[in-house]
Each structure stands twice: as structure tokens, then as C-alpha cells.
Amino acid sequence: MIKKTYLVSPGPVPIPEDALVEAARPIIHHRTDIFSGIFMEVAEGMKYVFGTKRDVFILASSGTGAMEAAVANLLSPGDEVITINGGKFGERWGEIARAWGLNVHEIVLEWGQPFTGEQLAEELKKYPKAKAVFATLSETSSGSVYDIKSFAQATAKTDAVLVVDAISGLGATPCPMDEWGVDVLVAGSQKALMIPPGLAYIALSEKAWKLTETSTLPKYYFDLKAYKKSLGKKTTPYTPAITLIIQQKKTLEFIKKIGLETLFEHHRILADATRSGVKAIGLELLSKIPGNIATAVKVPEGVDGAALVKTVQKKYGVYIAGGQSHYKGKLFRIAHLGYMGAFDIITALSAVEMALDEQGYKFEMGASVKAAMEVFRREWK
Ligand SMILES: *Cc1c(COP(=O)(O)O)cnc(C)c1O
């Protein structure tokens with residue numbers, strides 16, 4: 001057989017051809033006017049995606065680097081912080097904060113359960129000395145999207161800043177930084193921003209920038225003051241990931257041409273088709289607050305989840321994701337993120353159906369694809 005592969009994972013994601021071919025061109029030097037122009041186009045263009053007038057700093061790291069930068073630049077040893085842990089990535093905030101010697105009040109939620117601004121306000125009352133709240137826009141491990149706007153309303157009434165990991169969500173679901181009052185927004189290149197892994201982005205509100213003035217945690221590579229100074233000179237303090245930045249320029253043009261609102265609607269339709277599809281064959285979503293980035297589906301009784309994902313990936317070449325942590329073997333996740341279209345979803349659903357059938361799960365073959373097709377037939381423009 002020719003084993004063709006299909007990437008339907010929540011990062012990395014497929015990349016538009018225009019951006020892909022940029023990686024094949026000869027490298028240009030970064031201390032040149034040509035590169036500075038491209039660099040500034042990306043730094044400025046990213047403000048549109050972030051919904052901010054503040055500087056957006058570009059780091060050569062995966063998304064977690066910008067998460068760590070947020071912690072190291074804002075805080076000092078022993079500072080109290082609140083982290084919201086509703087999954088693998090919310091848990092990571094706690095791990096980073098503890099690694100940096102902070103005093104962490106961790107709110108541990110069941111995966112996929114909601115958490116509201118009102119509940120956060122209660123926590124802030126309980127911990128009035130908390131300097132920062134660390135939250136996640138799109139919790140990729142559970143397929144949830146949290147109400148960041150309500151979190152920002154809660155932190156705005158206090159001295160605490162709101163730091164949001166929007167690594168998988170930004171560009172796919174709304175999170176306008178300035179309008180909502182998010183203090184620190186973190187993004188990564190390999191999700192809705194549709195280029196390979198390797199770039200991270202971070203922007204700070206004025207309230208957050210003030211904290212950088214008093215922060216005494218050690219920092220060097222991720223010292224954002226150095227990035228700010230360099231941005232004034234249209235560059236980065238250290239060698240930038242030249243090719244990735246050129247690729248990002250290409251997909252930013254693509255994102256701007258389509259427009260953020262249309263992209264949000266695009267992700268919504270793909271997600272609706274996925275949700276309709278899995279429900280049509282009797283499966284259940286994990287999340288009570290499902291977002292439009294990735295759909296986490298519970299593996300039904302009597303089916304071996306690890307084997308299911310393995311069959312879909314290895315036999316059919318369709319790279320959906322499995323469950324993480326305690327949901328390993330209990331979930332599969334179909335992403336609808338980045339440069340994907342209707343037929344990526346149809347492909348993923350049909351591969352899942354075949355793998356379920358191989359394990360003797362009883363359902364009407366083709367029903368999930370049919371349900372997804374009905375959504376696309378109705379909504380695709
Ligand atoms: C992918 C992801 C990350 C991790 O990013 P890396 O690029 O792997 O460091 C963090 N948070 C969320 C919500 C993610 O989806």
C-alpha cells in the first residue's frame with residue numbers, strides 16, 4: 001500500500017503551501033534591511049491576531065518558552081500566584097511556577113468542567129496577595145475553552161495580573177487582549193498560526209510590564225527587556241529563527257486576508273461537524289465547555305483506546321491524538337485547527353469508524369461521516 005499520512009493533531013498542524021515553500025529558499029542574513037522589514041511585518045501583524053496595541057515579542061522556542069518567560073519576567077521568589085489546572089496545560093503553569101520557586105495556589109478542576117470568573121473572584125479573595133493568575137484559553141488536552149473574558153473582569157478588580165496560555169486557541173477562537181483586559185497573552189507558532197513549531201509570542205499589558213520592573217527572578221535568554229530594546233532596533237537580541245519568521249509572514253498574510261472573524265467561524269463549523277459526527281455514532285465528548293480547537297471524545301466501554309488510536313495512526317495514517325495523563329487510553333482527540341478543511345474531518349471520522357468497527361463496537365457504519373457531511377452541506381460557503 002502507499003501509506004499517505006494525514007495530520008489531524010492539535011499541533012503541529014498542516015501548513016499552507018505558500019508558507020511551506022519558504023523553508024526551501026536560501027537563508028538570508030538577519031542583520032539586513034530585508035530581514036528587518038519582514039521581522040517588523042510579523043511583529044506588527046501579530047498585534048492584529050493578539051488584538052493589542054502593545055508590543056508582541058517573538059521568541060525562538062516552542063510555546064512553553066513563552067510560558068516560562070511570563071513567569072520569570074513578572075515575579076520574584078516566593079511570590080503568591082494562582083494557577084488554574086483543568087488539564088495537561090493548566091497543570092504546566094503550576095509546574096513552571098513551582099520550578100521557579102513561587103508559592104502556588106493551584107485550582108485543580110476535573111478535566112472538561114467549567115470554571116467561571118465568579119469562582120476566580122472568590123479565589124482572589126481567599127488569596128489577596130496573589131500577584132498573578134495563570135489560565136488557559138484553549139485547554140487542548142480536554143478540548144475545552146474557558147471564559148477568559150470573565151477571568152479578566154475578576155483580576156481587573158485586584159492587583160493580580162491575568163496571564164493566559166493561548167497557544168492553541170489564538171487565531172482559532174476569540175481572545176482580544178486589549179478589549180478583554182488580558183495582561184499577558186502567550187501564543188505558539190504550530191497551532192492556529194499555521195507554521196512549523198519553533199516560535200513563541202508574548203505580549204504584556206501596562207499592568208504586567210510594571211511587574212517586570214520589580215521582578216527579581218533570574219533571567220537571561222527570555223529577559224523581555226532585552227527583546228523590547230531590540231524591537232526598537234527592528235530585531236531580536238539573539239539570532240532569530242529566520243525561516244520561521246519568513247513563514248509566519250506568509251501565513252499572517254493568509255490570516256489577514258481571510259480575517260479573524262471568518263477564521264473563528266471556520267473553526268466553529270469544523271468543530272460542529274466533528275461533534276455531530278461522533279455523537280451520531282453514540283460517542284460522548286469529555287468537555288462540558290467544548291471549544292472549536294480540538295474535540296476530545298471518550299473511548300466507549302469495551303474498546304481499547306490505545307489500540308484504537310494506534311490503528312487510526314499506523315494503519316490508516318491519520319494522526320489524531322490520544323488522551324494524555326490519566327486519560328491515556330480513555331480519550332481520542334480530533335483536531336480542527338489551523339490549515340484544515342472539511343475533508344480533514346471526514347478523513348478523521350472515517351478512520352475512527354473503521355478502527356472502532358475492528359474492535360467490535362456496534363454502530364451504523366458511515367453515520368458519523370454522514371452527520372458531518374450534513375453540517376458541511378448546510379454551512380460550508
Ligand atoms: C501545544 C500547547 C502548549 C505547548 O506548547 P509547546 O509548543 O509544545 O511548548 C501549551 N499550551 C497549550 C494549550 C497547547 O495546546
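# Close-up views of the predicted model

**View 1. Helix α3 (residues 63–74) lies across β2, β5 (132–136), β8 (161–165), β9 and β10.** The helix runs at about 30° to β10; axes are lines fitted to C-alpha atoms, for helices over the stretch in contact, with angles from 0 to 180 degrees between N-to-C directions. Helices (H or I, at least four residues) and strands (E, at least two) are DSSP runs, numbered from the N terminus. The model is predicted, so that local features require pLDDT of at least 70 and side-chain atom pairs count only at pLDDT 80 or more, while totals for chains, interfaces and linings use all residues. Residues are numbered from 1 along each chain as its sequence is written, and side-chain values use heavy atoms, with hydrogens and water left out.

**View 2. Seven strands form an open sheet of mixed pairing, in the order β2-β10-β9-β8-β5-β3-β4.** Because β2 (56–60) and β4 (103–108) stand at the edges with a single partner strand each, one side of each has no neighbour in the sheet. From one strand to the next, the twist averages 20°. Two strands are taken to pair if DSSP finds at least two bridges between them. Within this sheet, β9 (residues 184–188) and β10 (residues 199–204) pair in the antiparallel sense over five bridges. Gly188 has Ala200 of β10 as its bridge partner.

**View 3. The protein chain is assigned two stretches as domains: domain 1 (6–12 + 259–379) and domain 2 (17–257).** These bounds come from an automatic or database domain assignment. The domain centres, taken over C-alpha atoms, are separated by 28 Å. In contact (heavy atoms within 4.5 Å) are 27 residues of domain 1 and 33 residues of domain 2.

**View 4. The interface of domain 1 and domain 2 buries about 2,400 Å², with carbon and sulfur atoms giving 65% of that area.** Buried area is the accessible area (1.4 Å probe) that two parts lose on being put together, summed over both. On the domain 1 side, Leu260, Ile289 and Ile293 lose the most area to domain 2, together 24% of what that side buries. Nine residue pairs, both at pLDDT 80 or more, are in polar contact between the domains. A polar contact is a pair of N or O atoms within 3.5 Å; within protein, one must be able to donate a hydrogen and the other to accept it, and residues adjacent in sequence count only if both atoms are side-chain atoms. The elements giving two or more residues to the side of domain 1 that touches domain 2 are α11 (260–280), β11 (294–298) and β14 (331–335). Of these, α11 gives the most, with four residues.

**View 5. Glu265 and Arg268 form a salt bridge, their closest N and O atoms being 2.6 Å apart.** The two residues are separated by about one helical turn because they are three residues apart in helix α11. The structure holds 19 salt bridges.

**View 6. An open, antiparallel sheet of three strands has the order β11-β14-β13.** Its edge strands, β11 and β13 (321–322), each pair on one side only. Two antiparallel bridges link β13 and β14, and Gly322 stands opposite Phe332 in β14.

**View 7. A cis peptide bond joins Gly11 and Pro12, with omega of about -5°.** Pro12 is found in the loop between β1 (6–7) and α1 (17–20).

**View 8. Lys234, a residue other than glycine, has a positive phi, near 60°.** The loop that holds Lys234 runs between α9 (224–231) and α10 (242–258).

Terms used. A salt bridge is a side-chain nitrogen of Lys or Arg within 4 Å of a carboxyl oxygen of Asp or Glu.
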